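Me: I have a structure open and would like to talk through how its inside is put together. Could you take my questions one at a time?

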Amino acid sequence: MFKTVASATGRLGRMTTLSTIIFDCADPAALAAFYAKATGWRLGQGDADYATVEGGPVTLAFQRVDGYGGGPGWPGGDKHLHLDFQVPDVGAARGELVALGASVPDFQPGEDEWTVFTDPEGHPFCVSAA
């Protein structure tokens with residue numbers, strides 16, 4: 001969610017800091033726990049409806065949506081956004097992420113430049129070498 005300031009003329013003020021990326025999901029606590037373990041960042045505030053992961057360049061937040069039917073799908077479906085992460089060793093990260101509950105879809109368009117994963121609720125994210 002971006003926060004902007006409207007001027008007296010109705011024009012938007014300049015957005016200077018991206019503070020949080022918020023995911024719709026069915027289980028905020030579980031998805032926050034996945035990303036905290038995957039990134040090494042720390043769990044922040046949370047309850048049954050909202051949870052955060054802090055300690056990175058932006059806060060990741062997860063909000064419960066009644067009837068949420070899973071992520072946007074990969075490779076089909078409507079993709080809303082995805083996160084890109086860089087790691088020192090993609091092979092090692094792959095094993096760790098899968099052990100945490102991520103999946104590796106069959107369709108991989110990166111030609112070994114990056115690997116597409118989906119988190120436990122189906123949101124896609126990519127991992128490439130740092």
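Predicted model: local features only at pLDDT ≥ 70, side-chain atom pairs only at ≥ 80, totals over all residues.

Me: Which members of the largest nonpolar core touch the most other members?

Reply: Residues are numbered from 1 along each chain as its sequence is written, and side-chain values use heavy atoms, leaving out hydrogens and water. A nonpolar core is a set of buried Ala, Val, Leu, Ile, Met, Phe, Trp, Tyr and Cys residues joined through side-chain atoms within 4.5 Å, where buried means under 20% relative accessible area, exposed over 50% and partly exposed in between (1.4 Å probe, protein chains only). Of the 22 residues in the largest one, those touching the most other members are Tyr35, Leu60, Phe62, Leu83, Leu97, Phe125 and Val127.

Me: And which element gives the most to this core?

Reply: Helices (H or I, at least four residues) and strands (E, at least two) are DSSP runs numbered from the N terminus. At least two core residues come from each of β1 (20-25), α1 (28-39), β3 (50-54), β4 (59-64), β5 (83-87), α2 (90-100) and β7 (124-129). With 5 residues, the top contributor is α1.

Me: How many aromatic pairs does the structure hold, please?

Reply: Rings of Phe, Tyr and Trp (its six-membered ring) pair if their centres lie within 6.5 Å; planes under 30 degrees apart count as stacked, over 60 as edge-to-face and the rest as tilted. By that rule, the number of pairs is 8.

Me: Why is the pair of Phe23 and Phe62 stacked?

Reply: Let's look at the rings. Phe23 sits in strand β1 and Phe62 in strand β4, so their pair ties together parts 39 residues apart in sequence. The centres are 5.2 Å apart, and the pair is stacked because the planes lie at 20°.

Me: What is the angle between the planes of Tyr35 and Phe125?

Reply: Tyr35 and Phe125 are both buried. Tyr35 belongs to helix α1 and Phe125 to strand β7, so this pair ties together parts 90 residues apart in sequence. Their rings are edge-to-face, 5.9 Å centre to centre, with an angle of 65°.

Me: Is Gly69 buried or exposed?

Reply: Gly69 is found in the loop between β4 and β5. Its C-alpha atom is 8.8 Å from that of Glu121, 52 residues apart along the chain. With a relative accessible area of 78%, Gly69 is exposed.
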